[in-house]
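Dear colleague,

I am passing on the structure below, together with notes on what a computed description of it turned up. Please read the notes with the model open beside them.

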Amino acid sequence: MGKLLLTLLLLASLPLLSQKSEADPLFSKAIGENIRKYRVESRRAYRSRDEERAQFLFDSLVNNVVNGTLLDNFSVRKFSGRKTSLHKFKKPIYLITYASWCVPNAGEIPAFNDIAEKNFNEVDFVVLFWGSKRKIRKFKRKYNKRVHILYVDEKENRNDFAIRIMKHSVGFPTSFFISRKKNILDVRRNHLDKYDKKYASSYKANYESYMSGVSLLKTELRN
């Protein structure tokens, strides 16, 4: 009787396990099944200079495919040369993908530093760079100690599909909002004008944008 009851309980739990697995696919798997069509359509939109259509396609990809997926646990480098992985961060993660050839506007980095300084106890702030390590080092000096600066060695990560997608399909700079359990809550492109030279207005716009992302992460943390 005991064995029969145990068997029934195990069988009853299988659908639940199956649903859990289906609810949390890997980011790389989910986007890999949809990225080809997205690339074709988005390139067509950009060629015709239809920015509204391009943004619609990006938002659809994020809302219908990316959100809720589990971020792959890929390994990247610290500036010390040591490897680390995204899953080693235990708090919700505010992750910005960046590149050494991007040009930040006047208030972008100072605003992020101030947000990180005020919220680092609850959120891990990470900037993941692509490009020349020498140039990235110059960026690193501008960030405060509350921001974790990591970089992608593309020779090491050439077979990492999630990293390739972040670079070639999602673009730079882009913000990923990641829960403690490493589920992606949202992905947003950083749309702010890179040529805004007025520090005060640039800082204010960036600060409000970053704070919106922090609020999303803190809401998930409370829940």
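I begin with Lys218, which sits in helix α8, residues 199-222; helices here are DSSP runs of H or I with at least four residues, strands are runs of E with at least two, and both are numbered from the N terminus. This is a predicted model, in which local features need pLDDT of at least 70 and side-chain atom pairs count only at pLDDT 80 or more, while totals for chains, interfaces and linings use all residues. Residues are numbered from 1 along each chain as its sequence is written, and side-chain values use heavy atoms, with hydrogens and water left out.

Lys218 has a relative accessible area of 18% and is therefore classed as buried, where buried means under 20%, exposed over 50% and partly exposed in between, with a 1.4 Å probe and protein chains only. Leaving aside residues up to four places away in sequence, Lys218 touches Asn119 and Glu122, a contact being heavy atoms within 4.5 Å. The side chains of Lys218 and Asn119 also make a polar contact at 2.7 Å; that term denotes a pair of N or O atoms within 3.5 Å, of which, within protein, one must be able to donate a hydrogen and the other to accept it, and residues adjacent in sequence count only if both atoms are side-chain atoms.

For the chain as a whole, there are 8 helices and 7 strands, and buried residues make up 43% of the 223 residues. Among contacts between residues at least 6 apart in sequence, 73% join residues at least 24 apart.

Arg49, in the loop between α3 and α4, has a phi of about 60 degrees, and its relative accessibility of 75% is why Arg49 counts as exposed. Lys182, in the loop between β6 (174-178) and β7 (184-189), has a phi of about 75 degrees, but Lys182 counts as buried because its relative accessibility is 4%. Most residues other than glycine have a negative phi.

Arg44 belongs to helix α3, residues 35-47, and is partly exposed, with a relative accessible area of 46%. A polar contact of 3.3 Å joins its side chain to that of Glu41, and the C-alpha atoms of Arg44 and Ala54, 10 residues apart in sequence, are 8.6 Å apart in space.

Lys142 lies in the loop between α6 (133-140) and β5 (147-151). Beyond residues up to four places away in sequence, Lys142 touches Ile109 and Asn113; Lys142 and Ile109 are 33 residues apart in sequence, with 7.1 Å between their C-alpha atoms.

Finally, the search of the whole structure found 2 cavities of 30 Å³ or more, a cavity being a set of points, on a 1 Å grid over the protein atoms alone, where a 1.4 Å probe fits but cannot get out, with lining residues having an atom within 4 Å of a point. The second largest cavity has a volume of about 30 Å³, and its lining consists of Phe27, Ile31, Phe58, Leu61, Val62, Val66, Val170, Phe176 and Val187. Helices α2 (27-32) and α4 (51-66) each supply at least two of the lining residues, and the largest share, 4 residues, comes from α4.

With regards

Notes. On a 1 Å grid over the protein atoms alone, a cavity is a set of points where a 1.4 Å probe fits but cannot get out, and a pocket is an open set with protein on both sides within 12 Å along at least five of seven lines; lining residues have an atom within 4 Å of a point. Grid points are joined across faces, edges and corners, and a volume is the space filled by probe spheres set on the points.
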